[in-house]
Amino acid sequence: MSYFIGSLRQLIGARPFKPAPHQIPVEVRNIYAEKRKEKLTEEALRAVEHKHEHSPGRHKWRNRRWATLILVNLLFAISYHLDVQLVEGALTASRVLGFHLADLNSALQVMLAYKHVVLNLLIGTTTVFVLWWLLGGRTFCSWVCPYHLIAEWAESLHLKLAARGWARDFQFHRGVRAVFFVIFALLALVTGYTVFETISPTGILSRALIYGPGLVLLWVLALLAFEVFVSRRAWCRYVCPIGITYGLVGSLGAPIRVQYNVRGCHHEGDCRKVCLVPHALDVTIRGRAQAVDTDIAADCTRCGLCVDVCPTSSLNFKIKGLGGLV
């Protein structure tokens with residue numbers, strides 16, 4: 001299955017592809033066979049994980065991502081409050097050193113609502129398209145979106161409460177996100193109003209950080225409360241069309257990817273436990289790999305949590321044709 005088709009299937013909510021035994025290459029089958037012969041004991045596996053947990057750089061990619069996300073959003077606020085005109089606007093639409101940038105989903109909403117294309121909007125979307133194509137996947141979600149960071153912290157609270165039985169994790173069909181994508185697009189087209197931008201926590205938090213808080217933040221708090229007590233990371237997993245938009249861009253052969261190597265993997269599943277989109281890592285389940293090295297599909301947010309948590313470095317950031325990122 002091609003990278004594009006595999007990514008598209010995941011983005012619209014299809015079940016992850018499970019290869020039949022004859023679809024797994026001989027080299028990969030031999031690797032699985034060797035692992036069965038030399039299976040790690042529970043004690044040995046725990047020793048490997050303990051060593052990794054206490055190794056330097058255990059949270060390397062997470063820390064880099066948090067620092068980048070906070071810096072990007074602070075640049076907007078600092079530029080506005082100091083009136084230096086370095087970065088103007090908000091994440092939905094901005095100018096950087098006078099050059100227009102526009103969030104792809106916001107631009108789509110505006111074009112559908114007003115039914116024409118503004119030149120500056122076209123320039124801004126082209127630039128952003130190229131940037132997020134290079135970075136691949138849903139990189140915007142985890143490296144720039146302010147709601148993602150807050151929801152990530154809320155997720156930690158959810159897990160603690162769920163362990164005590166004080167919170168639930170109702171799961172919905174992933175295909176509802178594609179349905180919401182179409183609904184928001186049709187609402188913009190029919191009403192002439194960018195409905196999604198009104199309720200998007202990404203835009204709300206970005207504008208609140210720059211221009212000051214307002215009552216609309218109560219909506220964001222309600223979303224977070226729902227995610228903490230009812231459904232883990234519900235907005236990002238089941239509603240937000242921004243992820244699909246950038247995922248579609250990243251599916252077009254982006255050079256930067258997370259790559260899985262089947263050789264050293266113990267298939268313990270820690271990567272899937274920390275992942276926002278665990279279906280993207282189904283390839284790490286024993287018997288699912290179709291190649292020794294597999295690029296994780298474009299629904300991946302490139303957050304790096306799986307890379308950080310993997311005790312055998314079976315998951316890594318790669319630049320196609322150039323090697324790994326350190």
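**View 1. K273 is an exposed residue, with 56% relative accessibility.** Exposed here means over 50% relative accessible area, buried means under 20%, and partly exposed is in between (1.4 Å probe, protein chains only). This is a predicted model, where local features need pLDDT of at least 70, side-chain atom pairs count only at pLDDT 80 or more, and totals for chains, interfaces and linings use all residues. Residues are numbered from 1 along each chain as its sequence is written, and side-chain values use heavy atoms, with hydrogens and water left out. K273 meets D270 in a salt bridge (3.8 Å, N to O), a term for a side-chain nitrogen of Lys or Arg within 4 Å of a carboxyl oxygen of Asp or Glu. D270 is buried, at 16%.

**View 2. R232 and E155 join up in a salt bridge (2.5 Å, N to O).** R232 sits in the loop between α12 (217–229) and α13 (234–239) and E155 in helix α8 (residues 146–163), so the pair ties together parts 77 residues apart in sequence. Helices (H or I, at least four residues) and strands (E, at least two) are DSSP runs, numbered from the N terminus. R232 is buried at 13% relative accessible area, and E155 is buried at 8%.

**View 3. D282 and R288 make a salt bridge, with their closest N and O atoms 2.7 Å apart.** D282 is buried at 16% relative accessibility, and R288 is buried at 17%.

**View 4. Strands β2 (residues 93–96) and β3 (residues 99–102) pair in the antiparallel sense over four bridges.** Pairing takes at least two DSSP bridges between two strands. A93 stands opposite A102 in β3.
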